[in-house]
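Morning, everyone. Let me put the structure up, and then we'll walk through a few sites.

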2 protein chains.
Amino acid sequence: SISQDIDHILETQSALSVDLGGTNLRVAIVCMMGNIVKKYAQPNPKTFEARMQLIVKMCSDAIRDAVGLNCRILGVGVSTGGRVNPQEGVVMHSTKLIPEWTSVNLRTPISDALHLPVWVDNDGNCAALAEKKFGHGKGVENFVTIITGTGIGGGIIHHSELVHGSTFCAAELGHIMVSFEGPECSCGSRGCIEAYASGMALQREAKRLHDEDLLKVEGMDMKLSEPVTAGHLINAARLGNSKADAVLNKACTALGVGIVNILHIVNPSLVILSGVLSSYYKTPVQHVINERALFSAQSIKVVTSELEEPALLGAASMVLDYATRRTY
Amino acid sequence: SISQDIDHILETQSALSVDLGGTNLRVAIVCMMGNIVKKYAQPNPKTFEARMQLIVKMCSDAIRDAVGLNCRILGVGVSTGGRVNPQEGVVMHSTKLIPEWTSVNLRTPISDALHLPVWVDNDGNCAALAEKKFGHGKGVENFVTIITGTGIGGGIIHHSELVHGSTFCAAELGHIMVSFEGPECSCGSRGCIEAYASGMALQREAKRLHDEDLLKVEGMDMKLSEPVTAGHLINAARLGNSKADAVLNKACTALGVGIVNILHIVNPSLVILSGVLSSYYKTPVQHVINERALFSAQSIKVVTSELEEPALLGAASMVLDYATRRTY
Ligand SMILES: [Ca+2]
Ligand SMILES: [Ca+2]
Ligand SMILES: [Zn+2]
Ligand SMILES: [Zn+2]
């Protein structure tokens with residue numbers, strides 16, 4: 001029938017997503033319904049030139065694969081760390097996590113190389129768009145998402161729209177400071193929640209304990225050759241290591257207090273945690289809110305994301321929403 | 001001429017403003033152009049009953065005076081500490097600064113007693129409305145105002161509208177925490193900027209130094225009978241008292257870091273400081289922003305308010321804007 005034909009056409013309309021993180025460069029083919037059809041990952045190169053070349057190369061490969069997968073690519077959505085001007089498709093500035101990433105126009109070279117329209121936004125903002133279109137944020141007017149990965153990113157939806165701010169620096173939630181004399185952060189300040197509760201921060205503390213021979217406890221499986229990670233810290237704490245437990249408690253308090261600060265500034269109705277540590281953080285964050293938020297803000301809901309890849313899905317949503325509106 | 005007659009009618013359209021603070025209850029007659037025609041002040045009573053009676057009494061007196069002053073009162077605008085549901089005209093919850101101030105419907109009893117429409121909002125939000133209509137916020141799409149008085153209040157304008165949040169708890173800027181193990185705050189948490197940089201916090205520290213005989217320095221004028229205030233602390237620091245200086249430095253850092261948190265969450269283009277300590281705080285706050293804000297947020301402007309009475313003028317603006325639109 002005609003209606004089935006139309007459904008079929010809609011279903012094969014797809015986006016190419018690019019996610020530029022502190023560790024990896026990933027590309028995905030994402031279909032209209034939010035399914036990731038195919039995914040590609042490489043370490044994110046440390047130089048501008050190599051990074052740009054790899055983006056175009058991975059996208060070209062994916063576009064070739066897309067034909068065989070019956071996916072019609074409508075455009076490219078790029079999610080990246082750093083402050084992004086989405087109107088221009090330019091990364092204005094980034095922290096040390098992605099080097100050589102200041103005043104970088106992503107739209108023009110990618111669009112020229114691939115002959116496709118290109119949208120760009122900050123990774124945390126993309127995650128918020130993904131929650132809005134495919135996740136817990138569907139139909140929620142005011143919510144915030146916080147992503148804990150190598151660093152900490154975030155996005156704010158207010159009146160059903162992303163908050164970008166006057167210089168595209170809104171929702172830099174990893175750099176909310178909760179202790180003005182706290183540990184140094186990659187941004188140059190001190191006491192940011194990223195410096196306490198990110199994967200990077202926990203790994204730093206795990207290494208510190210390991211170097212002092214204070215990490216490993218009885219019953220803990222840890223090979224000599226293994227790199228020390230946040231996972232080892234969590235494991236050690238569960239097995240009774242009080243030093244590891246103290247580090248994690250501080251991380252939870254810092255993240256929780258940072259989130260209370262968000263509640264006292266924009267007062268969303270929902271906080272969505274995502275990233276590998278989100279299920280670990282959920283209960284302690286709720287506990288800090290109960291202890292420290294103003295009475296009127298305590299009714300907030302904290303949930304963990306059910307999306308496998310918020311940044312990739314959000315980057316795709318920019319393409320799918322705009323391209324199908326035929327206005328860009 | 002007819003045009004002069006119309007001008008005359010517009011100019012005499014006025015609002016009654018009520019400001020309920022941690023210390024005083026004030027009422028003012030405010031004309032359309034933002035001039036305060038007459039002002040009344042009393043200590044804010046400590047009980048609900050006495051407070052409500054005094055509000056109605058002071059308003060009735062002001063309405064009587066307004067006739068002789070050729071001011072036609074269009075309605076009553078109430079600015080109060082605490083979380084306010086402006087749609088209902090209800091104070092939902094307040095901190096210890098205003099006791100017996102939970103679930104208080106202000107609109108109905110005041111409107112019934114005075115036979116005038118009544119608008120209510122949080123004091124910091126009123127200050128933001130005042131800056132938007134009469135102050136530095138005129139024509140600015142995204143700005144934030146922070147008022148330092150007994151406590152610290154604030155208001156956020158985003159896309160030219162107040163941000164109230166999902167439970168009317170947005171812009172509780174005094175309770176942004178900048179040190180999760182910091183001093184106790186009136187809200188029950190710790191390390192809020194109000195606990196470091198409010199008039200109350202500085203007075204607490206001044207008293208502490210005074211009790212230890214560490215406040216007074218040579219050349220400082222201070223009578224035995226005088227109550228110790230934030231002013232003495234500032235004075236002592238200027239005359240070389242290093243302990244007083246350290247307290248004030250910490251207050252400046254805390255306030256500055258709190259403001260950087262706001263920049264990293266909503267990223268306004270302008271921060272307006274008001275209240276008695278605003279001129280003292282302006283330069284150090286700018287300094288903390290330069291040191292600690294992300295590069296993209298450093299272009300923010302920090303100014304001090306030129307309005308004599310932001311809360312009273314903002315309360316008036318709710319009346320003047322709504323009543324002259326003839327839609328309420
Ligand atoms: Ca963001
Ligand atoms: Ca407020
Ligand atoms: Zn930081
Ligand atoms: Zn507080």
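I'll take two metal sites and then one residue in the other chain. Keep in mind that this is a predicted model.

Start with zinc, ligand 4. Which protein atoms hold the zinc ion? The donors are H175(B) through ND1, and C185(B), C187(B) and C192(B), each through SG. The spacing along the chain reads H-x9-C-x1-C-x4-C. H175(B) and C192(B) are 17 residues apart, and both sit in the loop between β11 and α5 of chain B. Now the geometry. The 4 donor atoms subtend angles of 105 to 120 degrees, so the arrangement is tetrahedral. Buried or exposed, that histidine, H175(B)? Buried, because its relative accessible area is 3%. C192(B) is buried too, at 0%.

One pair links distant parts of the chain: N125(B) in helix α4, residues 123-134, and G154(B) in strand β10, residues 152-158. That is 29 residues apart. Both N125(B) and G154(B) are buried.

Last, over to chain A. N85(A) lies in strand β5, residues 83-85. Its relative accessible area is 13%, so N85(A) counts as buried, the cut-off being under 20%. What does its side chain meet? A polar atom of the N85(A) side chain lies 3.1 Å from the backbone nitrogen of E88(A). Beyond four places in sequence, N85(A) is in contact with V90(A), M92(A) and F168(A).

Conventions:
Residues numbered from 1 in each chain as written. Chains lettered and ligands numbered in written order. Predicted model: local features only at pLDDT ≥ 70, side-chain atom pairs only at ≥ 80, totals over all residues. Heavy atoms only, no water. Helix = DSSP H or I, 4+ residues; strand = E, 2+ residues; numbered from the N terminus. Buried < 20%, exposed > 50% of the residue type's maximum accessible area, 1.4 Å probe, protein only. Polar contact = N/O pair within 3.5 Å; in protein donor to acceptor, adjacent residues only side chain to side chain. Contact = heavy atoms within 4.5 Å. Donors = N, O, S within 2.8 Å, 3.2 Å for Na, K, Ca; no water. Tetrahedral: all angles 85-135°; square planar, octahedral: opposite > 155°, others 65-115°.
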